[in-house]
Amino acid sequence: MDQNQDNQSPATPAQPVQTVRTNEIRKSSLNPLAIVLGISAVLFGLFLVFSFVYFLMKGSMWKDQDHEVFASGKSGEYVAEIELKGVIMDSHKVIKQLKAAEEEKEIKAVVLRLDSPGGSVAPSQEIYEAVKAFPKPLVVSMGSLAASGAFYVAAGAKKTYANAGTLTGSIGVIMEFINLKKLYEWAKVERFTINTGKFKDSGSEYRDMRPDERAYFQSLVLDTLEQFKAAVAEGRHMTPEEVTAIADGRVFSGVQAKKLKLVDEIGTFQDALNYIAKEAKIKGKPKLVHPSKKQSGLKELLMGGGDEEDGFEEESSFLDRLVAKISDRIVGASAPGDQIRPTGLYMLWGAGR
């Protein structure tokens, strides 16, 4: 009995041979090539989905009330309403819409609706040139306010309507500065510049303006005023003397403006629409379209915006924002929702400042 027990080998724990081999097989099957192919397939699928969404969202730029036109194959003769509203700090949006109206064969004419106090010089000039060169029939309809830079734009049109109570005109140029020297001294803040010439930091808010700087800025303003007056004289078929007599920054009512030859007709938006429809030889009641606010593609879908609100946007430092806020509080230059401009030089067709 004891001998049989001595001959038996001692018990050993069972080895999970099969389990180890299975794990090795699974690991070896996940090779890098399979991973890359899998990821590529997923990305390609996402590409197809977003491509479909892009073409689905693109649609037409123009809308007839609440419905898109042209993209759905709708045909007819249309008048496009293009709006220029608010302070003019950029020309891109309006010029882009004018170009689109020019290229769309179904659009036969344009009503440019102005409701703006003016704005920066160069964008106003760019829109003026685009209006002046527009190849299809175009009429300007003034809303509550079409002054300064907005009036400059209107001078490029062959026909202009204003309401009796519209405020327009304001032929003039303004440059605004603020002197915060005493405020900096009170706050014990010292601000200075290193520049390459005596006029490079002209207009700085931390020091008094020198007489030669004041003369320099006055020469810029007067030169720009001459550009403004020349455009008005050409566009409104007035003599330089007639323009100079009223180019002192005053605004006029629509009735006064008509007497001074600054507008052609007293009438509403509908009057302007009816007129331009006849000019374009549109039969029957004119059908009005306007730029769609619908996002136009994949970029806008992903980034959460489009170019519907193209305008003046600029990154600015904390000090720039602080100075801009103080300046606006002092001179009352901004209203809630206005963009904050960095400190620096801005020359404006100033109206109602």
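Visitor: Why does L46 count as partly exposed?

Guide: Please keep in mind that this is a predicted model. The relative accessibility of L46 is 42%, and since buried means under 20% and exposed means over 50%, a value in between is called partly exposed, so L46 counts as partly exposed. L46 lies in helix α3, which covers residues 32-58, and together with I35, I39, V42 and L43 it forms a nonpolar patch on the surface, with about 470 Å² of accessible area.

Visitor: What makes the contact between K181 and D208 a salt bridge?

Guide: The side chains of K181 and D208 meet at 3.6 Å, N to O, and the rule asks for a Lys or Arg nitrogen within 4 Å of a carboxyl oxygen of Asp or Glu, so the pair qualifies. K181 lies in helix α7 and D208 in the loop between α7 and α8, so the pair ties together parts that are 27 residues apart in sequence. Both partners are partly exposed, K181 with a relative accessible area of 32% and D208 with 45%. By this rule the count comes to 13 salt bridges.

Visitor: How do you know that R191 and E205 form a salt bridge, and is E205 buried or exposed?

Guide: The closest N and O atoms of R191 and E205 are 2.7 Å apart, which is within the 4 Å limit, and therefore the pair is called a salt bridge. E205 has 7% relative accessibility and counts as buried, because the cut-off for that word is under 20%. R191, in contrast, is partly exposed at 27%.

Visitor: Why is K198 called exposed, and which residue does K198 meet in a salt bridge?

Guide: K198 has 52% relative accessibility, and exposed means over 50%, so the word applies. The side chain of K198 meets that of D212 in a salt bridge of 3.6 Å, N to O, and this pair links distant parts of the chain, with D212 in helix α8 and K198 in the loop between α7 and α8. K198 and D212 also belong to a network of salt bridges that includes D201, R207, R210 and E213.

Visitor: What makes the aromatic pair of Y152 and F228 tilted?

Guide: A search of the whole structure finds six aromatic pairs. In one of them, the rings of Y152 and F228 lie 5.1 Å centre to centre, with 55° between the planes; because planes under 30 degrees apart count as stacked and over 60 as edge-to-face, this pair falls among the rest, which are called tilted. Y152 is in helix α6 and F228 in helix α8, 76 residues apart. Y152 counts as buried at 5% relative accessibility, and F228 counts as buried at 0%.

Visitor: How do you know that the buried residues V94, Q97, L98, A100 and A101 of α4 lie on the same side of α4?

Guide: These five are buried in α4, and they cover an arc of only 160° around the axis, which puts them on the same side of α4. The helix itself, residues 92-103, has 12 residues and reaches 16 Å from its first C-alpha to its last, close to the 16 Å expected at 1.5 Å a residue.

Terms used
Residues are numbered from 1 along each chain as its sequence is written. This is a predicted model: local features need pLDDT of at least 70, side-chain atom pairs count only at pLDDT 80 or more; totals for chains, interfaces and linings use all residues. Side-chain values use heavy atoms; hydrogens and water are left out. Helices (H or I, at least four residues) and strands (E, at least two) are DSSP runs, numbered from the N terminus. Buried means under 20% relative accessible area, exposed over 50%, partly exposed in between (1.4 Å probe, protein chains only). The expected span of a helix is 1.5 Å times one less than its number of residues. The arc is that of the directions from the helix axis to the C-beta atoms. Patches are made of residues with over 30% relative accessible area and no salt bridge: like charges are joined within 9 Å, nonpolar side chains (Val, Leu, Ile, Met, Phe, Trp, Tyr) within 5 Å. Accessible areas come from the Shrake-Rupley method with a 1.4 Å probe; for residues, only the protein chains shown count as cover. Rings of Phe, Tyr and Trp (its six-membered ring) pair if their centres lie within 6.5 Å; planes under 30 degrees apart count as stacked, over 60 as edge-to-face and the rest as tilted.
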